[in-house]
Amino acid sequence: MNLCDVKTVKDIMAMFGLNFQKKFGQNFLVNRSVVEDIADNCCDDADSTILEIGPGIGTLTRELAQRYKNLVALEIDRGFIPVLGYTLGEFNNTAVINEDVMKADIEKILAPYFEKGKVSVCANLPYYITTPILMKLLDSGLPFDYITIMIQSEVANRLCAKAGTRDYGAITAVLGYYGEAERLFKVEPYNFVPPPKVTSAIVRIKLYKDKPYKPLSEDCYFKTVKAAFEQRRKTLPNALSAFFADIDKEKLTQAVIDCGFSADIRGEKLNVGDFCRLSDRIYQIRQER
Ligand code: SAM
């Protein structure tokens, strides 16, 4: 079965009475070498379980099922469940669940697989929901090994940006707290049916087993990052002051200086370690009151 053949994809869709649904971001990969590259690179341990979000008709799913021990696929569109029964029929290591990943109890679904070994995520995501899905996976606290996602190229740049660059933002500093993101390769629109309007890229995140930065309060770390980027054109003390309205501006300015920065620095210059030190100072100021 060649699911990378456009005619086969269209025949299968017709056979099951389905149309590509824009609201679910249904753009299917039809380039075998891209599909194989994603499956080869999303994880480095064949004994792993892979959680695939949005299998569609099963193109990437089949490649993952061939390479890894177990495959769990979450698909929101009920119409694809019988299709996946057909395209994955020859595999006995796959489980397909008809659920919206944003509503699914991922911890419960994956508990038996975490008991058996490593679990990684691999997904060609609908663009409109990339960040919420990524944040849900990270916030879950589940010990994923890798999270590999195909996303809009510009978003990929943001996830992998270095501090001080134009693309560096709150999402970079939040993601950098959980793991290391690496941009693998670009995927042009002609590799999909129907072709999307934007260029995509693959990002692989290796999650830290033991996080190198341990803020006194995670909540304060995320708030400090949010504060710094909510008004990124302001100097850091001004941005912090607009956000932490309950703390004197002088104290926030002093916290920035205590961390070794000048008072006119902007938040985009701070890396994860810097944000961690600053959030610890802010946390201490709160505790001293
Ligand atoms: N994996 C296939 C591929 O690479 O060709 C399809 C990828 S397509 C870009 C996105 C898939 O995610 C579609 O099958 C869509 O129905 C599914 N999807 C969209 N939103 C979802 C959600 N919230 N939960 C689970 N699946 C979702």
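A polar contact is a pair of N or O atoms within 3.5 Å; within protein, one must be able to donate a hydrogen and the other to accept it, and residues adjacent in sequence count only if both atoms are side-chain atoms. Keep that in mind for the tour of this predicted model, where local features need pLDDT of at least 70, side-chain atom pairs count only at pLDDT 80 or more, and totals for chains, interfaces and linings use all residues. Residues are numbered from 1 along each chain as its sequence is written, and side-chain values use heavy atoms, with hydrogens and water left out.

**Start at the ligand.** Select Q26. One of its polar side-chain atoms lies 2.9 Å from a ligand oxygen. Next, pick N124. An N or O atom in its side chain is 2.8 Å from an oxygen atom of the ligand. Then show the backbone of V101. A polar atom there is 3.0 Å from a ligand nitrogen. Taken alone, the ligand exposes 590 Å², and the protein buries 99% of that (accessible areas by the Shrake-Rupley method with a 1.4 Å probe).

**Zoom out to the domains.** Colour domain 1 (6–207) and domain 2 (218–288). These bounds come from an automatic or database domain assignment. Over C-alpha atoms, their centres are 35 Å apart. Where they touch, twelve residues of domain 1 are in contact with twelve of domain 2 (heavy atoms within 4.5 Å).
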